[in-house]
Amino acid sequence: MILVWLLAVLALVPVLSLPLTRTIERRTGYPLGILYLVLAAALIPSARQVVNGHPVSYKVAWVPQLGLNLSLRMDGLALVFIALALIIGAVVFFYSPTYFRTGTQRGFYVVMSAFTFAMVALVLSDNLILMFLTWELTSLASFLLIARSGKPGEPASMRTMLMTFIGGLTLLAAGALIIARTGTTNFSEALASGVWQTDPVFTGVVAVLIAAAGFSKAAQFPFHLWLPDAMAAATPVSAYLHAAAVVKAGIYLLMRFTAYFYDVPIWQILLIGVGLFTTLLGAWFALQQTDLKKLMAYSTVSQLGLITATIGVGTEFAMTAAVLHTIAHAGFKSGLFMLMGIVDHQTGTRKIDRLPALRKAMPWTFAATALGLASMAGVPPLLGFISKEKILASFLEVSGPAGLNWLVLGIAAFGSVLTFAYSGKILTGAFIDGDKPGPDVREASWKTLAPAAFPIVMGLPLALVVAWFEAPVAAVLRSVWPGSRKEVSFYLWHGFTVELAITVLILALGTWIVLKRASWRRKVEKPIFRYDGPAVLGIMRERVDQAGVWLAGLTRFDYPSRHVAPIMVSLGVLIGAGSLALWLTGNVAPLHPDLNRPIDLGILIMTAGGVIALCVTRSRLGSAVLLGGIGITLTVQILLLGAADVGLTQLLVEMLTVIVIMLVLRKLPLEFSHGKNPKIRRNAIISAGVGLAAALAAFTVIGRRDRSAIADYYLAEGPVVTGGSNVVNVILVEFRALDTFGELTVLGLAGLAIVAVLRTIPRRYLDPEPDPSPDSPVTYVAPPVVELDVEGSRAYDALENAEANTEVLRLLQKALLPILALVSAMLFFRGHNQPGGGFIAALVAACAVAYIYMAKPKDEPVSRPRTPVLLIGGGVLIAVITGLAGFIEGEFLQPIHLDVLGLHLVSSLIFDVGVYAAVLGLVLVAFNALGISGGGHPSDLKYVKERAARGVAE
Amino acid sequence: MILALTIGFLVAGGTYLLLQRSLVRIAFGVGVLSHAVNLFLLTAGITAYRQEPLASRMDPAQAADPLPQAFVLTAIVITLAVTVFLLALAVIGRNDNTHRVPETGEEHDR
């Protein structure tokens, strides 16, 4: 239970920091730090239990279906990392209030405490999914903390996110593989599965994935570039995240999974190889730096490489060395970061060349830094010395071809020499070399210095009582190798061993290099590679960007024909090939007799002629007329096929289409563009081919059976069931009412879409003033050439006076509109039994609307802007309500029959009202949107004359 | 079947118009293509039977198939909606050349 309490309290801390920062601002660090120490103290009893060999665990089901359980387990390994997170966290929190000079730093405290929670939850989780979740949380927290530092932090935070999330993905993949293969989501149980021994390929793959995840967090090559990058963040952030927490999460992962992979060759090779390479790489880059913080960052990379390599050795002894060095490193590194922050604050710079010699001005800082650097360089009698000795000794245990362990040891030793060198560089550069500091450079206050120096200073006494670490580290060994019984012994002096000799060598060489620093500094600081890490990443991103743009460019055409052509060609090929296939395999039934009538031939000739003319004509007006003509021809054909309702609808729709076309054409040029279309041959071939395929398909599949059974059903039963004689209408509003409902929604949406599109475009683009010059981008709109007499003459009035011209129409309107309304109502009510119905009635009403529009002397909308929208919405709503009422009878849209006062009423009539409203709304939208003009267009003669006059005056 | 040829002509014409540059022509192409499809649907009810399906005055043996007629009726009205929408788009900027994106006052990123 203690574990749950721990997590609960830690989860509350970010929330707690909100009111705290509001009240005591930056000083929030003190209470939070004290809280962490209290938590650490509260864990002591459980810690004792763990060290005695009984791990504390807690399990509760969270999402059982996914196998995600809140399985928490505190064993030795978890204990060490929790201690690190809490104690170093407390120290950093004590340091922050005086480090931050301004601001409440609310975001800092919230995210830092959230991060601590994530870290502790990560090391406690025994469930693979929980592990992944908390891992990603730590990545997120580190991203947020770096992004807080403003502009310079932006690219750095993005790079950090990229690198750490790659690691997250590999961890996810590995976790998924493990879960899929072993069938359990629990880490400890998956360990017991036999697959690790029987399937080396699987083991290898998972090992590589986990190694990649650990590398990404622990900043190993090639993921190392995010760590120096992340130096954009504030010093307390660096001290905590990058010295003690985030990167340690990667180390934790590698240590935890050593239980699975310690004897897998690829794991060992990967860890040792990459680790050592990173050690050298980081150390060399560190040596090159002149910025103190960047130097420390690279030094962290290097030290982590050393730890990684040690983990890779895979023996129990190596693990103890790695754990001890992790603890030591967390201590001196966080302290060093904080001290560098103090130097930065007091002097205003981080560059070695600009720093004065600070050892007299800031003696305490100097002493603490010297101690920390000595620990890092492995100088006795500090904790760092002990752990480094152990690491060197563990490399001797590397198994493999003869001499490999000496090679590894040699590389590690060389890395340690470099470590000593750059440590010396820091010490000499900041404190010993340089000018006399100015009078304003003073020692920092003890409130800042004490927390900074604390972890370092602890390195000295801890080295003397290093035997205290034996029991916890033994617990760590037991958590990795459950049956381990190895005796752990830590000691300051063990006698003359190989590693001691090497250490002496390192110290000697290092001291000599530091003494000779003046000579090699310039040479070393020249960059080796032209591109550094972030630049490489930037180049990679650019390339990927370019590839994306190219790929999208393949289909990024704004004009429809480029997209339509492949679609139509595929359609033609499909139906043509399909029909041919049917013919060739003999699957075609014989044609029904008596399909054709002579009149069909006449219509064919007219249609063919109309279509050909429509394709060829250059005049817009001509094509509108031809379209109307084709429509009327088809109306005749439809009526001849016995579709009365359909024919009526088609006729009315055709009329309305022509009117809408005219509304549009008067704003466009008289002719289609004159340019020669280079694709004319291609288009002709495609259309001919598709037409042929369509004709073939129609011939193949249609007319080769008798009338369908469902037709017989409708014709026989329809009138009986519904009481209506017009079978088509009955199908529309009763049998297939849901389809009609969908259809009227489509209508309504089309109307709304028109309104939406046209409303979002400013007026001056909808209806721009025509440009009279022939080569303007807006196609030249030639004004009509009319010879006119004087203004006021009869001829002039005949064309110009809209008021007079529409007088007749308005007079007629008084008689016509009531008649049309009556006709519409009549068609509406008789639709159930005779040709008519909601659609046709609405279209007749639409014609009335068109008439009203044409009778207006000015280009005005026909109704208020809200009306069509209300009609459409109202129509859909009525249809829905009628449908819901149908539940009374059992189904949505089930018709309800009522006999009232001798009249037979059906609810489908109300449904038809909804249809009526929607269709009317659509037509109103069309006239409102397209019927207005922006004030001035070429068919307005007066306007053109005014413009010409103005042009003369200008 | 003569109607198959009619359908073929309409499809060919509709496709040709659909591949043109002018948006008005494309709208006309959509209209012609929809005529073709409507005819296709109507002929699916066997055209040997051509009497109106009105129960008060039909001979059930001769009446046309009412189901395709119901489909086509809704299709015609939807085509009206689509045609009106396309024509509304064509009017923007007074230039319906689809190879030139009309000025709408928006800024385009790429």
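Arg256(A) is a buried residue with a relative accessible area of 7%, where buried means under 20% relative accessible area, exposed over 50%, and partly exposed in between, taken with a 1.4 Å probe and protein chains only. The model is predicted, so local features need pLDDT of at least 70 and side-chain atom pairs count only at pLDDT 80 or more, while totals for chains, interfaces and linings use all residues. Residues are numbered from 1 along each chain as its sequence is written, chains are lettered from A and ligands numbered from 1 in the order in which they are written, and side-chain values use heavy atoms, with hydrogens and water left out.

**Salt bridges around Asp75(A)**

- Over all chains, a search of the whole structure finds 12 salt bridges, each being a side-chain nitrogen of Lys or Arg within 4 Å of a carboxyl oxygen of Asp or Glu.
- Asp75(A) and Arg256(A) form one of these, with their closest N and O atoms 2.9 Å apart.
- This pair links distant parts of the chain, 181 residues apart, since Asp75(A) lies in the loop between E2 and helix H4 (76–99) of chain A, and Arg256(A) in helix H12 (residues 235–261) of chain A; helices (H or I, at least four residues) and strands (E, at least two) are DSSP runs, numbered from the N terminus.
- Asp75(A) is buried at a relative accessible area of 2%, and its side chain also meets that of Arg73(A) in a salt bridge of 3.7 Å, N to O.
- Arg73(A), by contrast, counts as partly exposed at 27% relative accessibility.

**The pair Asp199(A) and Arg181(A)**

- Another salt bridge joins Asp199(A) to Arg181(A), the closest N and O atoms being 2.9 Å apart.
- Here too distant parts of the chain are linked, 18 residues apart: Asp199(A) sits in the loop between helix H9 (195–198) and helix H10 (200–217) of chain A, and Arg181(A) in helix H7 (residues 153–182) of chain A.
- Asp199(A) counts as buried at 19% relative accessibility, whereas Arg181(A) is partly exposed, with a relative accessible area of 42%.

**The strand hairpin**

- Strand E1 (residues 56–63) and strand E2 (residues 68–74), both of chain A, pair in the antiparallel sense over seven bridges, pairing being assigned if DSSP finds at least two bridges between two strands.
- E1(A) and E2(A) form a hairpin with four residues between them, and Gly67(A) in the turn has a positive phi of about 75 degrees.
- Val63(A) has Leu68(A) as its bridge partner in E2(A).
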